[in-house]
Every structure is written in structure tokens, then in C-alpha cells.
Amino acid sequence: MQNKLFNYMGLVLVAAIWGMNFGFSRMEMANFDPRLFAFLRFGLAVPFFFILLRLKEGSVGIPFKVALQLMFIGFFGITVLENLTMYAIKYTSLANASLLNVAPWPIFTALFAPFFTKESISRRVMVGGGVAMVGVCLIILTGGEGLDMSSGHMVGNLLALSASIIGALYNLSCMRLMRQYSALRISTWFIAFGALFMFPLTLSSWGKVAWSGLDASDYLVLGYNVIFATVVAFIIWNACMHHVGAARSNFFRYVVPAAAVAAGYMMFGEAITLWQIAGALFMAAGLIWISMERKLTVQ
């Protein structure tokens, strides 16, 4: 029971780190092209991953066949997913992008799970997930922007939904490999490949940054992205997901929008509505209900 609670707490912690990162990253969009900032986040994290892997496991290598699989995962799970998310935000409202990316992700994971794992989806998970989804919809839709499904946002909406599907498949692909290799080894290599594929997309952006004008706060935000939102977060998330299961774990992504709303309030003075507070309570109730499941079946 203690180990299960520890894993669920780890998922909540990581989702909160990612949610708060929306606020920190927004601060830097005036200084960095989003593609360059994403590359710096993952590229600078790669040496830390390899150092940790060497210290903890004594080696860093992987078989060629596995490298090819992780190359594929890195391309879609990091390079493509990050760019889909970025352009979804560009071509639709933030509320649309958040809702269509975050809310369906666990549903797609549960639908695709039988093709990758033998994870069972219980009635408790479905009920708790449904309640949590109601909560996250309230959090997103009762903010300042609300939902806008007009034709002008259709491209962005489809990109956000595509990101949700790719994200689910990427998580499940990692689950399959973590039967043989540690979460740290898997994370290290797919992030390294993802950063490698992302680099060519940044070539036109380096010269646009006023590097001499960056101050300590800019580097602190970048450090938060690299150390906490990437190195710490990916290792903890993948390790906890391995024990809890991909479908259950991804419902805890619903903490991300709640933490992002809190970051907006603390960093930018954005208002929080009573409906959003009610949504957070619904979401918390659903996730607590999932975490109280006594027996987990994950293979």
C-alpha cells in the first residue's frame, strides 16, 4: 500500500511540476523562439541523464534493435509531440489546446493499452477517471477564454487532438520497453534522440536571441525546465507509470491544467473562478478514488 501511494504521489508531483512550468516558460517566450527553448530544455538535459545512468547502473549502452525503437519513440514522443503542442497553441485558443490535448490523453491510452500491455482497466478507474475529466473540463472551460470550436480554430484543434493520440502511443511504447530496461535508461535514450531530431528545427533561431541581455532569472527558468521539468520529472513519471500502469498514470495528467492555473494566479495575477475551484475538487476526488484501488494488474 505504501509503495502504491508513493507512486501516485510521484505522478501528482510531476504533473504539478509540468503545470507550474507553463508559467515559468511563458516568462521566456519574449526571449526565445519556442522551438529553441524546447530544444534547450531537452538538449541540456541529455548530459545529466547519461551521467545519472552511468552512476546508477554502471553503463549507458543499449542494443542496436532497442536503439532503433527508442529513436522512433524520441522522434514522435519528443520532437513531433512538442511541435504539435506548440503549433496547436498557435492556431487555436489556449483553452481548446489544453482541453483537446490533456483530456482525451488517458482515454486514448486506455483504448490502445491492450495492444501494448496486459493492464486491466477496472470500473473504479473508469469512474474515477470520468469524475476527474469533468473536473479538468471545468478548470479549462470556465477560465477567461472558454471553448471555441469555430472553423478558424479547426487546424489547431486537430493538432491538439493528434498530440493527445501520439502522446498515448508514446507512453505505451515506453511501457513495453520498461519490462526489460529501467525507466532511467529508457528516458535517457529517447530524450537524447528527441533532442537530436529537434536540433535542425532551431537553426534559424539562435541568432535571434539577445544572449547578452539574459539575466539570472532567465537562466533560473531554463534550469527549472532542464532539471525539474525534464530530468527529475521524466525519471519519476516513467518509473511510477511502470508500476501503476499507463492508463491509470495518465489520468494524473489532469493535475497539469490545475497547476498551470495556479501558476497563472501566482505569477501573472490571473483570476481563478469558483467553477475552476469546483473543477479542482472534482478532479482531486476522481484521482483519489483511482488511487484507492487495492489491486493493480500491470504487465
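Leaving aside neighbours within four places in sequence, which residues is Asn171 in contact with? They are Trp105, Trp237, Met241, Asn250 and Arg253, where contact means heavy atoms within 4.5 Å.

## Basis of the model

This is a predicted model, in which local features need pLDDT of at least 70 and side-chain atom pairs count only at pLDDT 80 or more, while totals for chains, interfaces and linings use all residues. Residues are numbered from 1 along each chain as its sequence is written, and side-chain values use heavy atoms, with hydrogens and water left out.

## Asn171

Asn171 lies in helix H8, residues 154–177. Helices (H or I, at least four residues) are DSSP runs numbered from the N terminus. The relative accessible area of Asn171 is 0%, so Asn171 is buried. Buried means under 20% relative accessible area, exposed over 50%, and partly exposed in between, with a 1.4 Å probe and protein chains only.

The side chain of Asn171 has a polar contact of 3.0 Å with that of Trp105. A polar contact is a pair of N or O atoms within 3.5 Å; within protein, one must be able to donate a hydrogen and the other to accept it, and residues adjacent in sequence count only if both atoms are side-chain atoms.

## The nonpolar core

The largest nonpolar core contains 82 residues, and Leu70, Phe190 and Phe234 have the most contacts inside it. Helix H10 (residues 216–244) gives the most to this core, with 12 residues. Such a core is a set of buried Ala, Val, Leu, Ile, Met, Phe, Trp, Tyr and Cys residues joined through side-chain atoms within 4.5 Å.

Not counting residues up to four places away in sequence, Leu70 touches Ile62, Leu177, Ile186, Trp189, Phe190 and Phe193.

## Salt bridges

The structure has 2 salt bridges, each a side-chain nitrogen of Lys or Arg within 4 Å of a carboxyl oxygen of Asp or Glu. Asp33 and Arg35 form a salt bridge through their side chains (3.5 Å, N to O). Asp33 is partly exposed, with a relative accessible area of 25%, and Arg35 is partly exposed at 23% relative accessibility.

Arg185 and Glu57 also form a salt bridge, with their closest N and O atoms 2.8 Å apart. Arg185 is in helix H9 (residues 183–198) and Glu57 in helix H3 (residues 45–57), so this pair ties together parts 128 residues apart in sequence. Arg185 is buried, with a relative accessible area of 8%, whereas Glu57 is partly exposed at 29% relative accessibility.

Methods
Helices (H or I, at least four residues) and strands (E, at least two) are DSSP runs, numbered from the N terminus.
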